[in-house]
Amino acid sequence: MNPENKKSVTAKEDISGKPDASRRGFMKMAATAGAGAALAMNGKSAEAAVDQKDAPEAGIKRPDAIANVDTLPRPDIKFPMTGADVFAQACKAEGVAGFFCCPGNYGVISALVDAGIPSFSGRNEGSMVSAADAFTRATGEVSICSGTEGPGFTNMIGGLAAAYVCRSPVLMIASNRSFSLEDTQQGIQLLQQQPLTEGIKKYGKRLTQPTRLPEYVAYAFRQLKSGVPGPVHLDFTLEVANHKFRSTDELGYYANKAVYRTESRPAPSSADVQKAVDLIRQAKRPIIVSSTGVFYSKAWDAVRLVAEKGQIPVVESGPMRGQFPDSHPLSASAAPGALASADLVILVGQYCMPTVGEFAFGPDAKYIRIQPAEAEDIGRNLPVDLGIVACEKLAMEEIAQALPKLSHDAWLSEVATARKAFEAENDKFYAMGRTYTDAVHPAVIGKELADFIHAGQLPQDETTIASGGYGIARYVRRYIRAHRPAQIINGAYQYGAIGPDVAYGVGTAAAVKLGIGVQAAHKGHPVFVTTGDAGFGFTAMEIETMAKYRLPVIVIVYNNNAWGTWFANSQTQLHSSLHVFQENLRYDKLAEALGAHGEYVTHPEQFTPALKRAYQVALNDSLPTVINCQAKKEFWDKKQYEPGFLGTVEPGVMAYYH
Amino acid sequence: MNPQAILSTVQHYADRGIFRRVNNRPDGRGVGFTWMFDAFPLMLVWNTKTNTVQFKDVLTGVEARSQFQTELKAFLTGLSDESLPEHRRLDPEKVSLTMTRRDGALSIGLKLISASEDYAVRRLINLTHEMFVYLRLRWPEYMHEQFKLPEE
């Protein structure tokens, strides 16, 4: 990958010291700077004084502040410091690896940038929550997202809900005016935030007592870094963000994470380990479900030990995949036909529990469930034969040690047969899709994308994919594979949100560009996003964010001129009118208008060449591309176009409910 | 045929928490329970004269000679295929598949040839589970229309 061309510019310093954290102060400063610059040029009005270099004919210009952001000097933050700085320094000490925001909460977001945490500013607060969520799902590390009070905060609620059901340890913050204005509706944007995030966060607090800020920051990180993960919501009043802390003494013991929280994890009891081993030995067809907790506890090596020693197949579920490689001989993630045969299911870190019948395991299967906390959840939805409250990594390590070598040749043969049958069906769907030559069928996208990423010139484990969309996802998931942790980000997991996909691409690409967490070995590589035209409409403006930050993302838009719900509501033209868009819309041109590259693919043979061109743009210029694949909504009707709209089997490659 | 053996097998699944709200039919020839879909309880009936156990009207809205019915029949008869492992296969020496449609409602069952009641009921329960897995994958629109599964 060629490094981006850097212009030789002088580093720009902040135009003032610490900014006034109030919104009014910020707006006044910006207006003064702008007016002053205009007058300095030639005394004309600000509008007429626009530099001709910025005229539209000159093309899109990337601001120097963005181009130089990595080289701009960071201030040396020392006491006395504001509450915003105390918070930011604590985040830095905790290893927070990424920050996504829209303007607002000014003192805090400036402090986070000053602290040197990689920061990204986007177009919509909700998108920035989704970006943080994807960043965390792609890395395993805590990220932060921030928005302004009132409408900025309410924009964030949907993204927080998705992060909550994914159990993503994201720290969501927002400004919230002043405590002294409580219940007055003075000015604008006063709103109680915490009640609105009840039920969609692991922990939350409105910060009102300045001297207790360090205590509540410690609360937040204890929640983010222990137990079953989940998002945390803090809202900052001005009194807290602006409070002056004079020395470390005022932080008390909360200045040291080694004493305000523990890294200790619960270990399984020897009795539970023995019961698990006994159940495994009794089973003829045991299977491991490797889920969310395997990722966050970094238990993938331990899972592999148990699987290989016991010759036990492994199937994945969760909001990120690849902790057990799909290429491993014991992988059952692409063997849905075998799942009904399992007589013992070992659920490892399966935080989001299916109800009876939602997983494809038969009614005679027994269950072991392993998770580190929330013992009260074990036995919910599915009966358990053994519940183990323990860190997934520690539990699987102990089981691996206690388990004798086993063999399940007939069972593994059955899984292999099921895998072959699934691949054969995928090949059949692709062959069908290629016969439809006047539009791009989703099987063509799924198969050729997978071939490009896994079976071409790229190492099969190199490329991270944020797999989104609705109908298109049901095809793409069948074909793409994950060979290492978090190679696939399972976009619509559990919440089923249509729309965050491009935003997920921002977060995923930032994670890979920076090489954070499990993405370290793949630092800088281009990233793929798949989405539909309905979803693209929600967060398309983040293409500009991608271009601005030179995030090498290839966004594939499945453009079938409708919401994915069209087919189920197409019986009458009247009803279908609520589910359709104009046809042949050019999302690729929208991308170009936002500083990205665009490709428009209207026939199946054009798709792979477009992928190749987009990949070169990503490598050479670190720019995003939108590949606008023109499909047709009628592809979902199997009476006209087999195989039609697809369903899913869980767990495994197709899963996104649990 | 021993109805008590059938009820005992059903009770086993109830004791495990797989079936809920088990209730015997007043005429003593069937038992109802909730399994996968809260709003759509199942009715397992038996006929001692024909030696069959059956899930009565397990699927509704099935059009005669439809692609849906044709494919479903092919799927279910395929469960007797010799290539299947023993624990998944309907052994034609022990049971044979029955499939009847009336007023758009499909009943699926097994006729006992040499099998015990426990074997037949367990196989019927398992094949019904596999049928719903197949329907979720191949016919999601049907599952949304008839069983109100989420459209998305």
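K420(A) is found in helix 14 (residues 409-435) of chain A, where helices (H or I, at least four residues) and strands (E, at least two) are DSSP runs numbered from the N terminus. The model is predicted, so local features need pLDDT of at least 70 and side-chain atom pairs count only at pLDDT 80 or more, while totals for chains, interfaces and linings use all residues. Residues are numbered from 1 along each chain as its sequence is written, and chains are lettered from A and ligands numbered from 1 in the order in which they are written.

Let us stay with K420(A) for a moment. With 13 other C-beta atoms within 10 Å, K420(A) is partly exposed. A residue is buried if 20 or more other C-beta atoms lie within 10 Å of its own, exposed if 12 or fewer, and partly exposed in between, with C-beta atoms placed from the backbone. K420(A) and Y216(A) are 204 residues apart in sequence and 53 Å apart in space, C-alpha to C-alpha.

Next comes helix 13 of chain A, which is mostly covered, as eight of its eleven residues are buried. Among them are M396(A), E398(A) and I399(A). The cover over these buried residues includes helix 10, helix 12 (300-310) and strand 13 (366-371) of chain A.

How do helix 10 and helix 13 of chain A cross? Their axes come within 9 Å and cross at roughly 60°; axes are lines fitted to C-alpha atoms, for helices over the stretch in contact, and angles run from 0 to 180 degrees between N-to-C directions. The two helices are therefore oblique to each other (under 35 degrees counts as roughly parallel, over 145 as roughly antiparallel, 65 to 115 as roughly perpendicular and the rest as oblique).

Here are the residues that meet, a contact being two C-beta atoms, placed from the backbone, within 7 Å.

| Helix of chain A | Range | Residues that meet the other helix |
|---|---|---|
| Helix 10 | residues 270-282 | V273(A), Q274(A), A276(A), V277(A) |
| Helix 13 | residues 392-402 | E398(A), I399(A), A402(A) |

Six strands form an open sheet in the order 1-2-3-4-6-5, with antiparallel pairing; two strands pair if DSSP finds at least two bridges between them. Strand 1 (20-24) and strand 5 (95-102) of chain B are the edge strands, each pairing on one side only. Inside the sheet, strand 2 (residues 30-34) and strand 3 (residues 42-47) of chain B pair over four bridges, and G30(B) has V45(B) as its bridge partner in strand 3.

Finally, the chains meet: 18 residues of chain A are in contact with 23 residues of chain B.
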